[in-house]
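Okay, thanks for coming, everyone.

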Amino acid sequence: MAGNTFGQLFKLTSFGESHGRAIGGVIDGCPAGIVLDLEKIQLELNRRKPGQSAIVTQRKEPDTVEIYSGLFEGKTTGTPIGFAIHNTNQKSKDYSHIKDSYRPSHADYVYDQKYGFRDYRGGGRSSARETASRVVAGAIAKQFLENIKINAFVSQVGEIKLQKEYQQLDFSKIESNAVRCPDLEMAEKMEEYIKSIKKQGDTIGGVITCVIQNVPIGLGEPVFDKLHAELGKAMLSINAVKGFEYGSGFEGVLMKGSEHNDQFNEDGTTSTNRSGGVQGGISNGMDIYFNIAFKPVATVLQSYETINKEGEKVMTQGKGRHDPCVVPRAVPIVEAMAAMVLADYTLLARTNKI
Ligand SMILES: Cc1cc2nc3c(=O)[nH]c(=O)nc-3n(C[C@H](O)[C@H](O)[C@H](O)COP(=O)(O)O)c2cc1C
């Protein structure tokens, strides 16, 4: 199974399944001499962990990370950073009903077809449990980046959509509510809505907006490794992501070039930022911002029709502990993926000039 390594210089290889002994990874290419605050890594994991509020899956995992290598006297040594998070709260019995049938729109069918068999317990490798490893690597990347500020937040749940621009929001409010929306009035509406969806045993989708500030000019490697292309790949690799919209995005289609162009100020900044901080695949020093659409996830706690391994139609009842809406827990995952891209591209930029 290829495809478990992300990044060119700052590289994460992740391992593990939802109901295996542990998940974890190896970070290769992290520069030496970074003072690592381990508490900050754990805090990021706590933002992603299950059971953190009434509107997420009730699997209870402490998600404590153990770091095995690459650290000495509180600093990175430049050698591979190996780490693991033990799985402690698996309930594999909850998944015996999907051993021989496939949840529609989950990864069950394609894993079986591709590999010939699958670990059906908790979704195995296709479970978003794997993303905890990304959060660890992202938390380390954030500490390497220092000045670059990455803030993601929930901007939409179903039809409930924030009407404000990100500049009007107070990012310090993101962590003040279970949804992770900085507009508290909207956060309350979103929370109530997710609760009502959960009561129905159903799921709902949402949008996360990510804003990256203090990015220096010059990150991005044209032509195939443009900065926004890598951010797109990073975000689309997150489970349940169905859309990525960069800068002015699809709305930009409605404008003429003369309206859409970001006019220069004399210092090289621009008076608008429809480019989203990247032009020609290279950061221009303005804020980077993008939206990520998450689908309503597949596991509904209702009875549904599907097929079994023999291709026969069967009725199944959804069971287990699941997220009715994944965006609150996906916020730290988005930030982690963005941090890994920025760390990787900061290192790549050092190879361009003598
Ligand atoms: C934070 C997070 C939590 C998730 N929790 C669930 C869940 O409880 N139940 C579920 O069916 N899918 C969940 N998913 C989505 C599945 O992992 C994903 O839909 C599945 O692997 C199929 O991949 P795809 O939707 O990207 O095609 C979650 C995704 C994220 C990002």
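First, a bit of housekeeping. This is a predicted model, so keep in mind that local features need pLDDT of at least 70, side-chain atom pairs count only at pLDDT 80 or more, and totals for chains, interfaces and linings use all residues. Residues are numbered from 1 along each chain as its sequence is written.

So, the overview. The protein chain has seven helices and 16 strands. By helices I mean DSSP runs of H or I with at least four residues, and by strands runs of E with at least two, numbered from the N terminus. The C-alpha atoms fill a box of roughly 65 × 50 × 35 Å along the principal axes.

How much of the chain is buried? Of the 354 residues, 42% are. Buried here means 20 or more other C-beta atoms within 10 Å of the residue's own, exposed means 12 or fewer, and partly exposed is in between, with C-beta atoms placed from the backbone. Then contacts: two residues are in contact if their C-beta atoms, placed from the backbone, lie within 7 Å. Among contacts between residues at least 6 apart in sequence, 70% join residues at least 24 apart.

Strands count as paired if DSSP finds at least two bridges between them. Strand 1 and strand 2 (residues 11–16) run antiparallel, joined by two bridges, and phenylalanine 6 has leucine 12 in strand 2 as its bridge partner.

On to another open sheet of five strands, with antiparallel pairing and the order 9-8-10-14-11. Strand 9 (160–161) and strand 11 (241–246) each have a single partner strand, so one side of each has no neighbour in the sheet. Strand 8 (residues 149–157) is joined to strand 10 (residues 206–213) by eight antiparallel bridges, with asparagine 151 opposite valine 211. Helix 7 packs on the sheet, touching strand 8, strand 10 and strand 14, at about 145 degrees to strand 8.

What does strand 10 do on the strand 14 side? The two pair antiparallel over seven bridges, and here valine 211 has tyrosine 289 as its bridge partner. Strand 11 is joined to strand 14 by five antiparallel bridges. Five of the seven residues of strand 14 are buried, so this strand is largely enclosed by the rest of the structure. Helix 5 (residues 227–236) lies across strand 11 and strand 14 (288–294), at about 160 degrees to strand 11.

Next, the ligand. There are 19 residues around it, and Ala128, Asn239, Val297, Thr299 and His322 come nearest. Near means that the C-beta atom, placed from the backbone, lies within 6 Å. Helix 7 (residues 327–349) gives the largest share of that shell, three residues.

The peptide bond from proline 222 to valine 223 is cis, with omega near 10 degrees, and valine 223 is in the loop between strand 10 and helix 5. Aspartate 63 isn't a glycine, yet its phi is positive, near 50 degrees. You'll find aspartate 63 in the loop between helix 1 (38–48) and strand 4, buried with 23 other C-beta atoms within 10 Å. Arginine 180 also has a positive phi, about 70 degrees, and lies in the loop between strand 9 and helix 4 (184–199).

Methods. Axes are lines fitted to C-alpha atoms, for helices over the stretch in contact, and angles run from 0 to 180 degrees between N-to-C directions.
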